[in-house]
Amino acid sequence: MSLEARQRRQKLLKVSDASGDSGWQGADVQMESTAAAASRGACSQFTCRVPWTVWQLAVEGEDNPRSEFVLGVGENRIWLDQSSDSTAESRPSMLKAIRQEPLQQLLPRLRSFDASRLSVVVFLAALLTALRSNMSMIFAVPILTIIPVCRLFPE
């Protein structure tokens, strides 16, 4: 298949929730690479936004079988190997899955960096409160541990 025919054909990826717990139906994502990038042999790039309730992503497309990936909060870059139609060599593609910030559900005007900063300030305030009030370790440790754990694993 010629380079022009390959550029005309729209590459699609089907992105969905691998666990099926969130209720998110998924999305069809189109390739973003330009003709100039394709002529240089650069990788094709896909971008999708994922709700914060999705923690495991299933990706399948024309040239690659179904694969599952675990997501963190924020931008996740996933490299996919796609085989070309005319040759047996594989061509890498990058999927940029942007998982929403859970704190933005409560405070929608908050940017991602500010949400991170807010969680650190809440942790430090809780730590200082626990130290000043001489709180028992049985109560202080779970309270202080839950803030970073909820930040990393909001589900």
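Glu-68 forms a salt bridge with Arg-66, with 3.5 Å between the closest N and O atoms; a salt bridge is here a side-chain nitrogen of Lys or Arg within 4 Å of a carboxyl oxygen of Asp or Glu. The structure is a predicted model, in which local features need pLDDT of at least 70 and side-chain atom pairs count only at pLDDT 80 or more, whereas totals for chains, interfaces and linings use all residues. Residues are numbered from 1 along each chain as its sequence is written, and side-chain values use heavy atoms, with hydrogens and water left out.

Arg-66 also meets Glu-60 in a salt bridge between their side chains (3.9 Å, N to O). Accessibility was classified by relative accessible area, with buried meaning under 20%, exposed over 50%, and partly exposed in between (1.4 Å probe, protein chains only). By this scale Glu-68 is partly exposed at 44%, Arg-66 is partly exposed at 44%, and Glu-60 is partly exposed at 34%. Over the whole structure, three salt bridges are found. Another of these pairs Arg-77 with Glu-75, whose closest N and O atoms are 2.9 Å apart. Arg-77 is exposed, at 54% relative accessible area, while Glu-75 is partly exposed, at 43%. Through shared partners, salt bridges join Glu-60, Arg-66 and Glu-68 into one network.

Helices (H or I, at least four residues) and strands (E, at least two) are DSSP runs, numbered from the N terminus, and two strands pair if DSSP finds at least two bridges between them. Strand β4 (residues 56-61) and strand β5 (residues 67-70) run antiparallel and are joined by four bridges. A hairpin of five residues connects β4 to β5. Within this pair, Ala-58 stands opposite Glu-68 in β5. Ala-58 of β4 is also the bridge partner of Ser-16. Strand β1 (residues 12-17) runs antiparallel to β4, and five bridges join the two.

These strands belong to an open sheet of four strands in the order β2-β1-β4-β5, with antiparallel pairing. Its edge strands are β2 (27-30) and β5, each of which pairs on one side only. From one strand to the next, the twist averages 30°; axes are lines fitted to C-alpha atoms, for helices over the stretch in contact, and angles run from 0 to 180 degrees between N-to-C directions. In general, strands of a sheet pair through backbone hydrogen bonds, either parallel or antiparallel.

Gln-56 lies in strand β4 and counts as buried, at 16% relative accessibility. The side chain of Gln-56 makes a polar contact with the side chain of Glu-68 (3.3 Å); a polar contact is a pair of N or O atoms within 3.5 Å, where, within protein, one must be able to donate a hydrogen and the other to accept it, and residues adjacent in sequence count only if both atoms are side-chain atoms. Contact in general means heavy atoms within 4.5 Å. Apart from residues up to four places away in sequence, Gln-56 touches Ser-16, Asp-17, Ala-18, Ser-19, Glu-68, Phe-69 and Val-70. Ala-27, in strand β2, is partly exposed, with a relative accessible area of 27%. With neighbours within four places in sequence set aside, Ala-27 is in contact with Leu-13, Lys-14 and Val-15.

The C-alpha atom of Ala-27 is separated by 9.1 Å from that of Val-50, the two residues being 23 residues apart along the chain. Val-50 is one of the residues with the most contacts inside the largest nonpolar core, together with Cys-48, Leu-57 and Leu-95; this core has 15 residues. A nonpolar core is a set of buried Ala, Val, Leu, Ile, Met, Phe, Trp, Tyr and Cys residues joined through side-chain atoms within 4.5 Å. The elements giving two or more residues to the core are β1, β3 (44-50), β4, β6 (74-83) and β7 (90-99). Strand β3 provides the largest share, three residues. Leaving out residues up to four places away in sequence, Val-50 touches Trp-24, Leu-57, Leu-71, Ala-97, Ile-98, Arg-99 and Gln-100.

A further local feature concerns the backbone of Asn-134. Asn-134 has a positive phi of about 50° although it is not a glycine. Asn-134 lies in the loop between α4 (112-132) and α5 (137-152) and is exposed, with a relative accessible area of 67%.
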